[in-house]
Amino acid sequence: ELLVNHATNKYNFAPQEQSTTTGAVNQVIRLSVFFEGTQNDFFQNTFGGIAIKNKFSERFGIKWLGSLWKLREEEKYNITGAYSLGEVESDFSKDNFGQVKNLLGYGVFQDWGRNTLEGLIGNGGFKGYNFFGEGKQLLEWGANFQYENINDGLSEWQRLDSAGYSIPYNGNTVTISSRLFSVNDLRSWRTNGYIQDTWNLSGDSNRISLTIGVRYNYWSINKEFNVSPRLQFSYKPNTKHDVVFRIATGWYTQPPFYREIRDFDGNLNKSVKSQKAFHFIAGSDLNFSAGENRFKFTSEVYYKFLKDINPYELQDVRIRYFADNIAKGYAAGVDLRLFGEFVKGTDSWVSLSYLQTKENLKNDFYKEYYNAEGQIVTPYIENQNITDSATIYPGSIPRQTDQRFSMSLFFQDYVPKAKFLKMSLGLTLGTALPFGPPDRNRYRDVFRAPPYRRVDIGFSAIIVDSERENAKKKGFFFFFDKIFLTFEVWNLLGVQNTVSYKWIKDFQNILWPLPNYLTNRRFNLKLNVKF
């Protein structure tokens, strides 16, 4: 087997202007920005893999694997923005309704960066299997060795100018608000492997099966050796219903890669350990028919205890890790999914999920200060005289993936009296995700973004399909098994879904979150050919 993939992507941005209005009914905020400059990003990935299978008998075989992956990423940007932040009149009865009535802040910011990342990753390994006892026992094993060479260079700075003064202001020199510079060259190797045994405990019926296995991994940088035992049990009752129940448990580890050990300042913490989790999962699969249509309903409930968590923050759409195992937490949820033929000859599905996940950082606390009236002293209140204080321990806070409810639907149908035309409709709904200011204080990341909503629609025209009854291929189309053309409209309703937030300070040093949105409605035309 041979697999080769090469991708080169170039993105050239030239922002012009931005106008974002947000807030509640009683207070509406508007950010207006006029930009100069560009951002040029370059991403190149080349991958090659080869596999050789040796089947010594019907019961025993080995697969040898080898691959090489080369990557290069570049970020080059120099963007200046002149902005104003103002409070908008929200009273319908006022003549200046919808206009800025109170200027909260203005200034200029400049973001500059020259970042590069290069990597060469090669690995080799093998997988094997062996059947015993007339196929009632399956033994599987494998091992892998990987070499990594990472070269990383970060050079970023940001300058802020508010009300004619460069921040922070010292009266003598022009200063910048943040600076990041680092050069790292990391060479390492890692190895991992597994062995697992599956038994059929009920003869030829496959009603009861048990799988026991163990995995290991080791990385030369943190010199951590992990062993992860796993177990899975499934039971299929001897009834007229085609249903399988299963439970699984085990100890899982996620070894860090390069970005997980690079902290906010670009320094490498080579003692970062693997993130670990103890899983307990219970689920079922039910196959049934409704008339001539076949369906499958799957359900799963899970709880995962998380240990040695390496927390992170989102800066725009970039993940920046704390590069330290300073948290523990949990994840619990339920997944339900119905898959099948709502319309004969088509595949459709609907899923519903609930998830709660939190983490608790070690030594995480902050101070609150109170005035004589017992109010928390903030820039909003009149009495700024501090008379008392308290240390607050925030405890467990939502992780960035804490999306409580989500629902997805995908439905397909044929156009009446034109079976060669197929329509598909997709719907995705998700409740709010947490966010906060990128200030390295995780306890502040407890705000919630608006819910995610998206509707997609698509149309497919089958030009050639050799699997259809009475199909005849003539001329040029004789060499093809299937050809179909697809036209899709993504985000049909043009909903503005929030992807991140820009944080702007006003004259009183108060931070205001202004949303950045995902792309609006998009069109996609696709041709699929199989021969």
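A residue counts as buried under 20% relative accessible area, as exposed over 50%, and as partly exposed in between (1.4 Å probe, protein chains only). The model is predicted, so local features need pLDDT of at least 70 and side-chain atom pairs count only at pLDDT 80 or more, while totals for chains, interfaces and linings use all residues. Residues are numbered from 1 along each chain as its sequence is written, and side-chain values use heavy atoms, with hydrogens and water left out.

Aromatic contacts were examined next. Rings of Phe, Tyr and Trp (its six-membered ring) pair if their centres lie within 6.5 Å; planes under 30 degrees apart are stacked, over 60 edge-to-face, and the rest tilted. The count under this rule is 25 aromatic pairs. One of them joins tyrosine 11 and phenylalanine 13, which are stacked at 6.3 Å centre to centre with 5° between the planes. Tyrosine 11 is partly exposed, at 38% relative accessible area. Phenylalanine 13 is also partly exposed, at 40%.

Tyrosine 366 and tyrosine 443 form another stacked pair, with 4.3 Å between centres and 10° between planes. This pair links distant parts of the chain, 77 residues apart. Tyrosine 366 lies in strand β18 (residues 366-370), and tyrosine 443 in the loop between β23 (434-435) and β24 (447-448). Strands are DSSP runs (E, at least two residues), numbered from the N terminus. Tyrosine 366 is partly exposed, at 22%. Phe435, Phe447, Tyr501 and Trp503 make up one aromatic cluster.

Charges also sit over rings (NZ of Lys or CZ of Arg within 6 Å of the ring centre and within 35 degrees of the ring normal). Arginine 230 lies over the face of tyrosine 252, 3.9 Å from the ring centre. Lysine 304 lies over the face of tyrosine 302, at 5.4 Å.

Methods. Helices (H or I, at least four residues) and strands (E, at least two) are DSSP runs, numbered from the N terminus.
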